[in-house]
Amino acid sequence: MDLTETTIQKELKELTRKFATEKLQPLIADDERDERFRPEIIKKLGALGLTGITVPEAYGGAGLGYKDYIIVIEELAAVAASYAISVAVSGLPQLILNIFGSEAQKTKYIPPLAKGEAVGAFSLSEAFSGSDAASLRATAKRDGDHYTLNGTKLWTTQGDFANTIILMARTGGPGPKGISAFIVEKGTPGLNYGKREKKMGCHASHTMELVLNDLKIPVGNLLGKEGAGFQIAMTALDSGRITIGATAIGIARSALDIAVSHATQREQFRKPIIQFQGVSFMLADMAVAIDAARLLTQRAAWMRDNDEDFSVQAAMAKLFASDAAMKVTTDAVQILGGAGYTQDFPLERYMREAKVLQIVEGTNQIQRVVISRELEINMKGK
């Protein structure tokens, strides 16, 4: 794996960092406080070519790889995790459509998403179906030239703003083979919005309950074949875990920057507190954790770009990076002491944002299951 930053990657980093600093930094504190999502931000990012990084140029994207994509996500997350998550989540329908969609579906739905003209969402979880995704209960019954969907979906990021939702529902018997994937458009009769979750963090990123009440969609909005929905969802989650890793790195990086700045300026007992080993060693451990998380995430992205099986590596990246972000933000608050516990600094926000990354795209306990199963398989093969 070549770690040398390419010219394109340097340009992406500079472009995204400039946008995040100039456009997001002045807004994000207020947007988090007011729980305000701005779809115009996605349009502006799209105009810069930052919302369809991995989509082929034929469908309005940049035709680049995941190693390029995670640079954009990290830079956005370093300023505004909610918008990094928004771009990443909107990228999931693009990924799914590009892999599993028909040519007609790709042509219709991918370009607006890739250009930031539309917002995408991914809807899998339900009240009785979280880590056990194969137990979902929402139903889709075929009736001639359409399917009728009924049920309730939970934890749909930006579901209220999404123009295109990839939604999983049951078309067959119990278990993963009975699940199918559908394209649901905003404004379709029968698609209703339930409660918006009141969350600990990432307030500008809305998390919605979707209520399906005799929602009718054309047969042409089935993705792939009936029964392929679970495979489609798992494929998306594998890739999504890479972007969660990048989001965690961005948050942790900013927390470390604040902690180092404070430690070099804050004096106690007539010297900067960074000269006390108890503080300096904490900062050193934080820096190592961030670098290790970045390397794991880059490896998973590289493997994906090179068509290698990256599922376990994505799980490792997501697990390590999100745990690191939680530890780094907690330690950064500790280094600032009482000031870190106030809203005068964004550290308390970073700490709240980091927590959700240990939960979404499969809890970190599930990541450990994925990794340990691979160890078991490898041992049996010896």
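Modeller: A helix axis is a line fitted to C-alpha atoms over the stretch in contact, and angles run from 0 to 180 degrees between N-to-C directions. This is a predicted model, in which local features need pLDDT of at least 70 and side-chain atom pairs count only at pLDDT 80 or more, while totals for chains, interfaces and linings use all residues. Residues are numbered from 1 along each chain as its sequence is written, and side-chain values use heavy atoms, without hydrogens and water.

Colleague: What makes H3 and H6 oblique to each other?

Modeller: The axes of H3 (residues 66–77) and H6 (residues 229–265) come within 7 Å and cross at roughly 40°. Angles under 35 degrees count as roughly parallel, over 145 as roughly antiparallel, 65 to 115 as roughly perpendicular and the rest as oblique, so H3 and H6 are oblique.

Colleague: Why are H8 and H9 called roughly antiparallel?

Modeller: H8 (residues 311–336) and H9 (residues 347–357) pack at an angle of about 160°, with their axes 9 Å apart, and that angle puts them in the roughly antiparallel class. Their crossing is left-handed. Among the residues that meet are Met 326, Val 333 and Leu 336 in H8, and Leu 347, Tyr 350 and Met 351 in H9. The contact of H8 with H9 divides into 10 nonpolar, three polar and three charged residues.

Colleague: How do you know the relative direction of H4 and H5?

Modeller: The axes of H4 (residues 81–100) and H5 (residues 103–114) come within 10 Å, crossing at roughly 155°, and H4 and H5 are therefore roughly antiparallel. H4 passes H5 in a left-handed crossing. On the H4 side, Pro 93 and Leu 97 are among the residues in contact, and on the H5 side Tyr 109 and Ile 110 are among them. That contact has six nonpolar, four polar and one charged residues.

Colleague: How much area do domain 1 and domain 2 bury between them?

Modeller: The chain is divided into domain 1 (7–119), domain 2 (121–229) and domain 3 (231–381). Domain 1 and domain 2 bury about 2100 Å² between them, with 60% of it on carbon and sulfur atoms. Within the area that domain 1 buries against domain 2, Glu 35, Tyr 109 and Val 119 supply 31%, more than any other three residues. In this pairing, 24 residues of domain 1 are in contact with 24 residues of domain 2, and the C-alpha centres of the two domains lie 22 Å apart.

Definitions and conventions:
Helices (H or I, at least four residues) and strands (E, at least two) are DSSP runs, numbered from the N terminus. A crossing is left-handed if the near helix is turned anticlockwise from the far one by less than a right angle, and right-handed if clockwise. Contact means heavy atoms within 4.5 Å. Ala, Val, Leu, Ile, Met, Phe, Trp, Tyr, Cys and Pro count as nonpolar, Asp, Glu, Lys and Arg as charged, and the others, Gly among them, as polar. Domain bounds come from an automatic or database domain assignment. Buried area is the accessible area (1.4 Å probe) that two parts lose on being put together, summed over both.
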